[in-house]
Amino acid sequence: MIEVRELSKRYGATVAVDGLSFDVRPGMVTGFLGPNGSGKSTTMRLLLGLDTPDAGQVRINGCRYRDLRWPLREVGALLEAGAFHPGRSARAHLAALAASNRIPRSRVEEVLELVGLGEAGGRRAGSFSLGMGQRLGIAAALLGDPGVLLLDEPVNGLDPEGIRWIRGLLRSLAAQGRTVLVSSHLIGEIARTADRVVVIGRGRLLAEESVAELSARSASLEEAFFELTSASAEYRAASDPEGMRS
Amino acid sequence: MTTTTTATTATRDRYRFPQVARMEWIKLRSLRSTWWVLAVTVAGAVGIAVAVGLNTEDAAADLTNNALAGISLGLLLAGVLGVLVMTGEYTSGMVRATLAAVPNRPLVLAAKAAVFGTLALAAGEAAGFISFFAGAAALPTAVPAPTLGQPGVLRAVVLSGAGYCLIGVIGLGLGAIIRHTPAAIAVLVGGVYVAAQFVAVLARPLMPYLPVSIVANSLTTVQPLSDGQVHFLSPWTGLAMLCLYAALTLGAGAWLLARRDA
């Protein structure tokens, strides 16, 4: 269970997250949607205590992140842009993280196999493709067998087979009763995997409801998303062909 | 009742220094750069010791200090490695994985300092002892070689290793303060080496307090050094001063690390 309350964060003059409140419940996949620059990644960093909010708070299983006793055993996170050193092997990267939270060394091999990096475990992570880096990030998130998973854009760089794999993985993690929050800008992907959605724009909450409820607002989930975010999209190309010509 | 019991167990059963230090040790040893930088550092110090030894004519000189001449050059690499231990985390994004695993940031820096400091100390002692014996062996037959049993000799050799460790920790602290590799290295080189050149000319009385001077003229000396104008710090005062610099840099790094967004 994740509870976000009145969370605000600004970087200089830019307001990234603005009075954001929502809940992420266990036993289902919650999609975290928003246009580029809407504050998804900032929120993820605030959830993990990597950035300090200017106001508001986050509770994970009733605890502040920094008070977690064995953080990796309670929360597993995949952050955008590989959070690993390119000179270190995938195996050493995971072994180091495992040691910090007293996770058995055997778990490293397990997660490497699980994400399909069993063969590549000894290779320097810097030699990995985008998709392999993503798999390593997912392995790190699963390392502590956590009850809460935060995945920022997990399908980035994955091939179709990988995308299908992660879809199944997320569904099964939720079916085991875990709390799963997945951010994405791919609405189709969220429509296929998520049960609920949290939609934000310009750092504010736009909707927090089931996928079915949101889809019912318009012709499709995608249409509903565009209607919801049209007022708050920060970066959007001109859609008016007349405007293009002038 | 139940809650109180759980809370007590909770505070005890959590990540602590040993786990964090283990993580940092795995991280440090799994980067090839750690080993080759240390190897170059030791090899460089020994090479200079041999060169100085071969060219020694004055038997009355501080031959131990001469044999340890390469130590102060190798220091730079120890300092740079210390910088990289921290800035490498930022460059790669690894810092987010590290701090998500261990949200207690001062504890992360303390573990890094302990693990890297120990490795730098070991490399420094290796550099010190190998340099001493190689430098002594390279002396011309006319010059009697110093031995570890002579007063102050063992101290000079052992403290040269401490120099590596402390300059390395200063580098680590600078890395935590500055976070960008080139800028942190520039400050390290500027603060430790370039500033020494200016001080030597413009503010000579401050000379004994500079880190590089402490290692070269206090820690690694057998005979007290003085050039008429300035008296260099005694070995133990020098060591204390260097410890103070390392503690201040590391403290500032920990303070900033705990307060800034990662």
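**Strands, helices and a contact in a predicted model**

Author: In this predicted model, strand β8 (residues 196-201) of chain A runs antiparallel to strand β9 (residues 204-210) of chain A, and six bridges join them.

Reader: Which residue of β9(A) does R196(A) stand opposite?

Author: Start from the pairing: β8(A) and β9(A) run antiparallel. Look across from R196(A) into β9(A), and the residue there is S210(A).

Reader: And in the hairpin of β8(A) and β9(A), which residue takes a positive phi?

Author: Two residues sit between the strands of this hairpin. The one with a positive phi, near 50°, is R202(A).

Reader: On to chain B: is α3(B) roughly parallel or antiparallel to α5(B)?

Author: Take helix α3 (residues 32-54) and helix α5 (residues 71-92) of chain B: their axes come within 8 Å and cross at roughly 170°. Angles over 145 degrees count as roughly antiparallel. So α3(B) is, relative to α5(B), roughly antiparallel.

Reader: How many charged residues does the contact of α3(B) with α5(B) have?

Author: On the α3(B) side, the residues include V37(B), V40(B) and I48(B), and those they meet in α5(B) include L73(B), L77(B) and L81(B). By class, the contact has nine nonpolar and four polar residues, and the charged count is: no charged residues.

Reader: What supplies the largest share of the side of chain A that touches chain B?

Author: The contact takes 31 residues from chain A and 27 residues from chain B. On the chain A side, α2 (71-74) and α3 (90-100) each supply at least two residues. The largest share, six residues, comes from α3(A).

Note on methods:
Residues are numbered from 1 along each chain as its sequence is written. Chains are lettered from A and ligands numbered from 1 in the order in which they are written. This is a predicted model: local features need pLDDT of at least 70, side-chain atom pairs count only at pLDDT 80 or more; totals for chains, interfaces and linings use all residues. Two strands pair if DSSP finds at least two bridges between them. Helices (H or I, at least four residues) and strands (E, at least two) are DSSP runs, numbered from the N terminus. Axes are lines fitted to C-alpha atoms, for helices over the stretch in contact, and angles run from 0 to 180 degrees between N-to-C directions. Angles under 35 degrees count as roughly parallel, over 145 as roughly antiparallel, 65 to 115 as roughly perpendicular and the rest as oblique. Two residues are in contact if their C-beta atoms, placed from the backbone, lie within 7 Å. Ala, Val, Leu, Ile, Met, Phe, Trp, Tyr, Cys and Pro count as nonpolar, Asp, Glu, Lys and Arg as charged, and the others, Gly among them, as polar.
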